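Come along while I jot down what I look up.

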Amino acid sequence: MLPEPTEWESVKSHWTDVRDHIKSIDLDTYSPYKPMKVFAPKNRANIRIVHLLHPQDLIIYTALVLIVKNDIESNRISKNSKRVFSYRVDKTKNNILYDARGYHDKYLAQLKEKTINPSTKFVGIADIADFYPRIYQHRLENAVQAIATNQRGVDVARVLVRKLISNLMGKNSYGIPVGPYASRILGEALLIDVDAYLHSNKINFVRWVDDYNIFCKSEYEAQSTLFKLGEWLYVQHGLTLQSAKTKILPSQHYLDEVLIKPEESLRDRDHAIDFLKAVHTTDYDDAEDEEELDEDEIQETLEQLQGFDLLGMLTDSISDTELFDYEVVNYVLTRLPRMPGTIDHLKQDVLNLVIDNAELLYPSSEQVAKYIASFTNLPKTEKKKIAKKLLKPLKSKKNPPPTYYAMWVLYIFTTSEDWNQINEIIHLYQNTSSEVIKRYAALAIAKGGSRTEALIIKDEYDASSDVMRLAILQASKKLGTDERKHWKLSVQIKGSVEKII
């Protein structure tokens, strides 16, 4: 949900130093850095808070969850029951949080199988309101502690929840960081007793994260079961079900409205999405895991691709503002740059369409920004024109775009100094009160700015937040060697990652 922090390069290149420093920390007395908060689109109508943790804290957080992940998995309903599909742990792999590949497809297949079963007449659907932000920490601590198989697991429950998470969340008694992959395992840990309650009461359910689907023989059974689920969640965890999303549907309606999109006009769209999903990609977008396509596969891919009017689908999606099809937008923009031998003019036409309609694509900001940044061989003059168009809405005082959109636009300028526009970016930095916009403007300056811009922002170091300071340190590399050395001494740089940068 956020651009990969540039600080990770420093962490990876000096890993031994970072690791040794973290090993020396007493987690009972440690005060974590304050995370940066960003409001990101959950869908076209709702937003969610996302937390950008300081690299050191993210390492500690993830490491602690890795220690207890096997205990958590051992206490979940087994994979063989085909009830719970989200973020299943492979207990033989100690350095991997969970296995995501293929599980969502298995989840959808199980939903369909249960729906078409003759005994299913009604389906109750519900999801938990604001799940991660509303998790009560003491209940999470109790859950992890109760399933720990050794003293180390008990200690982790204490320092992970009562010390680290509590401080990261501003000493509130509820909420866990939203965004880090490790949080997904903790969310699953909290729901162990909920799943066990439904299972022991022989309730026919299937779950993905906080989405529950309950398959029933009658409407009364569906209603009664949803009441039981809601009551258990509230009494045991202080959580509630989203009223707008809690429904009871006849099985055929559930099949038609939830699992299948039967409209004639969507056939090409769905075929295209299925194709794009299957184009040799991994769940983690790790280039090292990508399989090389041979020439025959490349030709077959191109022939299939040419059978879809991707530009037309994008145009239709954008022009129909009432039924904006973000799924098409996301898949096309994510997969198109990675398809070998794709027609250049198609990529360029899609680029032009995206730039002209960038503000309409707010919920797809990440995909838009990465697509634009993928054009590394554009002439500098063309990049300059694109950059001006992208920055223009960010300067609006009357109707500025959401911070999340501005963040991803500025991310483009952190990928290459060829995008330039530093004068506009430093103006944006100086005239915004948003810490998020300031951070990504500073990172853009670190990539393409000069000493002048570094001088402007370096004096804000002392008054800045922890994560913002990392960006200012990056930008300060534009100062002269002696000048920067004197400045570092004057502000007294602390922290292992800060010192490395």
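This is a predicted model: local features need pLDDT of at least 70, side-chain atom pairs count only at pLDDT 80 or more; totals for chains, interfaces and linings use all residues.

**Entry 1: Thr115**

I began with Thr115, which counts as buried at 4% relative accessibility; buried means under 20% relative accessible area, exposed over 50% and partly exposed in between, with a 1.4 Å probe and protein chains only. Residues are numbered from 1 along each chain as its sequence is written, and side-chain values use heavy atoms, with hydrogens and water left out.

I found Thr115 in helix α4 (residues 103-115). Helices (H or I, at least four residues) and strands (E, at least two) are DSSP runs, numbered from the N terminus. Which residues does Thr115 contact, leaving aside its neighbours within four places in sequence? I noted Thr120, Phe215, Ser251, Tyr254, Leu255 and Leu259, where contact means heavy atoms within 4.5 Å. Phe215 is 100 residues from Thr115 along the chain, yet their C-alpha atoms are separated by 7.1 Å.

**Entry 2: the sheet**

Strand β5 (residues 211-216) runs antiparallel to β3, and 6 bridges join them. Two strands pair if DSSP finds at least two bridges between them.

What is the order of the strands in the open sheet? I read β4-β5-β3-β6, 4 strands with antiparallel pairing. At the edges are β4 and β6, each pairing on one side only. From one strand to the next, the twist averages 20°.

Next I looked for helices that pack on the sheet. I saw α10 touching β3, β5 and β6, with its direction at about 145° to that of β5. Helix α11 (residues 251-259) also packs on the sheet, touching β3, β5 and β6, and its direction makes about 105° with that of β6. For these angles, axes are lines fitted to C-alpha atoms, for helices over the stretch in contact, and angles run from 0 to 180 degrees between N-to-C directions.

**Entry 3: salt bridges**

How many salt bridges are there? I have 21 in my notes, a salt bridge being a side-chain nitrogen of Lys or Arg within 4 Å of a carboxyl oxygen of Asp or Glu.

I looked up Lys245 and Asp127, whose closest N and O atoms are 3.6 Å apart. Lys245 lies in the loop between α10 (219-237) and β6 (247-250) and Asp127 in strand β3 (residues 122-127), so this pair ties together parts that are 118 residues apart in sequence. Lys245 is partly exposed at 34% relative accessibility, whereas Asp127 is buried at 4%.

Glu366 and Lys370 form another salt bridge, with 2.9 Å between the closest N and O atoms. Both residues belong to helix α17 (residues 365-373), 4 residues apart, about one turn of the helix. I put Lys370 down as partly exposed, at 40% relative accessible area.

Lys458 and Asp459 also meet in a salt bridge, at 3.0 Å from N to O.

**Entry 4: the nonpolar core**

I then turned to the largest nonpolar core, which has 143 residues. Such a core is a set of buried Ala, Val, Leu, Ile, Met, Phe, Trp, Tyr and Cys residues joined through side-chain atoms within 4.5 Å. Helix α19 (residues 403-415) gives the largest share of this core, 10 residues. Why does the core lie between two domains? Domain 1 (31-259) and domain 2 (285-500) both give residues to it, so it lies between them; the domain bounds come from an automatic or database domain assignment.

Leu160 and Ile372 have the most contacts inside this core. Leaving aside neighbours within four places in sequence, I listed Leu351, Val354, Ile355, Ile386, Leu390, Ile412 and Trp419 as contacts of Ile372.

Lys202 has a positive phi near 55° and is exposed, with a relative accessible area of 76%. I placed Tyr87 in the loop between α3 (55-75) and α4, and Lys202 in the loop between α9 (192-200) and β4 (205-208).
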